[in-house]
Amino acid sequence: MRILLFGASGWVGTRLAEHLSTDHEVIGVVRSAPSSPVAFTPLEVPDWVRSPHTIAAALADRDLSVDATLAAVGGWYVDGPMLERGLESFDTDFDTYLRAHFSACTVAASLGVGTHLALNGVASIEACVGSGAISVFGAGQQMLIRVADAESETVDFRELTILAPLHGDGRNDLDGGVETIGIDVVAESVARILTLGTTEVLTRLTPPNAPQSAPSAPVQPAHPG
Ligand SMILES: NC(=O)c1ccc[n+]([C@@H]2O[C@H](COP(=O)([O-])OP(=O)(O)OC[C@H]3O[C@@H](n4cnc5c(N)ncnc54)[C@H](OP(=O)(O)O)[C@@H]3O)[C@@H](O)[C@H]2O)c1
């Protein structure tokens, strides 16, 4: 299977490409050329979020078709309260956390792939203090996928929500014994959803010992996503 990966330069994207490339061909969409060896074929499209049609053109230039699309776009910050960060920050976060996913969905639809899979994190189901805009747009991202799936007659739009920090990502604050999930577990789920499909629009990955219901009160963030 040939997979088009958005967010290929990120912590998750880089490692997912390493796992997936053992059985699949991975084309990684990047805004700038990688500075070290990577496990994907880079497709350099600097402003793909604002001009998603340029991706189809770049693929056509290389005579490449793709079977599935995978979006590992996002990132993480902990800062002041969302309303105090202001409108400019909110607009920037909109680009990163929601517009990017909207554009990736439009690329999936225009390429006519079988499945588009978007990754999301715990912020999409919890009101994370200091990362509030990520929660707002993460929740919006989930509905984006559900609407896109409901409206599409050809593409299966799916989301994999990773409800824990990833093991080995040094940016995570693991104070207090926070449980982690291995990137190999994520890669396995991704490969299964892309190759075998799933009738579930939303799949949640939880660490082995986590309680199954999510808290609804605001939480202090411990990890990305
Ligand atoms: N890391 C974790 O522990 C963890 C845990 C749970 C869920 N997740 C999920 O995994 C996904 C990826 O997270 P990550 O940790 O890999 O984040 P990351 O290391 O910060 O990487 C983010 C990726 O998104 C791209 N990106 C960000 N803003 C963009 C924009 N405006 N336009 C185009 N590309 C943009 C970045 O490209 P550039 O390199 O060009 O900036 C980079 O490839 C997210 O959905 C997150 O919720 C991660």
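**Close-ups of a predicted model**

**View 1. Strand 4 (residues 68–71) and strand 5 (residues 115–121) run parallel and are joined by 4 bridges.** Strands here are DSSP runs of E with at least two residues, helices are runs of H or I with at least four, and both are numbered from the N terminus. Two strands pair if DSSP finds at least two bridges between them. Look for Thr-69, which sits opposite His-116 in strand 5. As for housekeeping, residues are counted from 1 along each chain as its sequence is written. This is a predicted model, so local features need pLDDT of at least 70 and side-chain atom pairs count only at pLDDT 80 or more, while totals for chains, interfaces and linings use all residues.

**View 2. Zoom out and there's an open sheet of 7 strands, paired parallel in the order 3-2-1-4-5-6-7.** Strand 3 (41–44) and strand 7 (202–205) are the edges, each with a single partner strand, so one side of each has no neighbour in the sheet. On average, neighbouring strands of this sheet are turned by 20° against each other, direction ignored.

**View 3. Helix 3 (residues 82–111) and helix 4 (residues 132–151) have axes that come within 9 Å and cross at roughly 25°.** Axes are lines fitted to C-alpha atoms, for helices over the stretch in contact, with angles from 0 to 180 degrees between N-to-C directions. The two helices are therefore roughly parallel to each other (angles under 35 degrees count as such).

How values were computed. Angles under 35 degrees count as roughly parallel, over 145 as roughly antiparallel, 65 to 115 as roughly perpendicular and the rest as oblique.
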